[in-house]
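Have the structure open as you read.

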Amino acid sequence: MKKILYILLLIIVLSFCGCSKTELKYINIDEMFAMEEESYYIYFEKDDCPYCEATLATIKDYVNKQSENKNYIPLYICNLSLDENKYLFRKDPSLSGQGNDGKTAVDGATVYEDIYISSTPTLIVIKTEEEKVSYFCASGKTNTIKYIQYYMEK
């Protein structure tokens, strides 16, 4: 009888633990300007990127808080290691863009073909004006974490 109660208690505890699990929302580049929300973040990552892995805890914290507070802007993740998303992982040849190296170009783009993501992690925001337009927020581990933490403290 004690074993049955113990197992039931364990199942109940585990089921409650699952309720607080962060559900990250992944999108592909062809969905970047097609989301329903008026404004949303897109966080770009790559597999085996140590800076992305170090930033992921902050991203999960933000997504958890966003699920509790609808005033937070939704956040989507785009993995640039996937074949369908690799196109964006390139450098802006003009060298007058954003990011730590000036080779990321995001500001003012209305289609994904006009975006250059030269490093990961990178965070951008899509805002609805007359049409959906992208803007650079941060790149690199430190800047991305600071940007997200600043927004969470507001």
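## The sheet

Four strands form an open sheet in the order β2-β1-β3-β4, with mixed pairing. β2 and β4 (132–139) are the edge strands, each having a single partner, so one side of each has no neighbour in the sheet. From one strand to the next, the twist averages 25 degrees. Strands here are DSSP runs of E with at least two residues, helices are runs of H or I with at least four, and both are numbered from the N terminus. Two strands count as paired if DSSP finds at least two bridges between them.

A word on what you are viewing: this is a predicted model, in which local features need pLDDT of at least 70 and side-chain atom pairs count only at pLDDT 80 or more, while totals for chains, interfaces and linings use all residues. Residues are numbered from 1 along each chain as its sequence is written, and side-chain values use heavy atoms, leaving out hydrogens and water.

Strands of a sheet pair through backbone hydrogen bonds, either parallel or antiparallel. Which sense does each pair take here? β1 and β2 run parallel and are joined by 5 bridges, with Cys 78 in β2 as the bridge partner of Phe 44. β3 and β4 are antiparallel over 7 bridges, and Val 125 stands opposite Tyr 135 in β4.

## Helices on the sheet

α3 packs on the sheet and touches β1, β2, β3 and β4, with its direction at about 115 degrees to that of β4. Contact means heavy atoms within 4.5 Å. Axes are lines fitted to C-alpha atoms, for helices over the stretch in contact, and angles run from 0 to 180 degrees between N-to-C directions.

Two packed helices are described by the angle between their axes and the distance between the axes. For α2 and α3, the angle is about 10 degrees and the axes are 9 Å apart. The residues of the contact divide into 8 nonpolar, 4 polar and 3 charged. In this count, Ala, Val, Leu, Ile, Met, Phe, Trp, Tyr, Cys and Pro are nonpolar, Asp, Glu, Lys and Arg are charged, and the others, Gly among them, are polar.

## The core and the buried strand

The largest nonpolar core has 36 residues, of which Met 32, Tyr 41, Ile 42, Phe 44, Tyr 62, Leu 75 and Ile 115 touch the most other members. Such a core is a set of buried Ala, Val, Leu, Ile, Met, Phe, Trp, Tyr and Cys residues joined through side-chain atoms within 4.5 Å. β1 (39–45), α2 (50–68), β2 (75–79), β3 (122–128) and α3 (141–153) each supply at least two residues of this core, and β1 gives the most, with 5. Not counting residues up to four places away in sequence, Ile 115 touches Met 32, Phe 33, Leu 88, Arg 90, Ala 105, Val 106, Ala 109, Ile 124 and Ser 134.

Is β2 enclosed or open? In β2, 5 of the 5 residues are buried, so the strand is largely enclosed by the rest of the structure. Leu 75, Ile 77 and Asn 79 are buried on one side, and Tyr 76 and Cys 78 on the other. Buried means under 20% relative accessible area, exposed over 50%, and partly exposed in between (1.4 Å probe, protein chains only).

## Loops worth a look

Pro 74 sits in the loop between α2 and β2 and counts as buried, at 12% relative accessibility. Leaving aside residues up to four places away in sequence, Pro 74 touches Glu 37, Ser 39, Tyr 40, Tyr 41 and Gln 66.

In the loop between β1 and α2 you will find Asp 48, which is exposed, with a relative accessible area of 73%. Its phi is near 60 degrees, a positive value in a residue other than glycine. Pro 121, in the loop between β2 and β3, is joined to Thr 120 by a cis peptide bond, with omega about 0 degrees.
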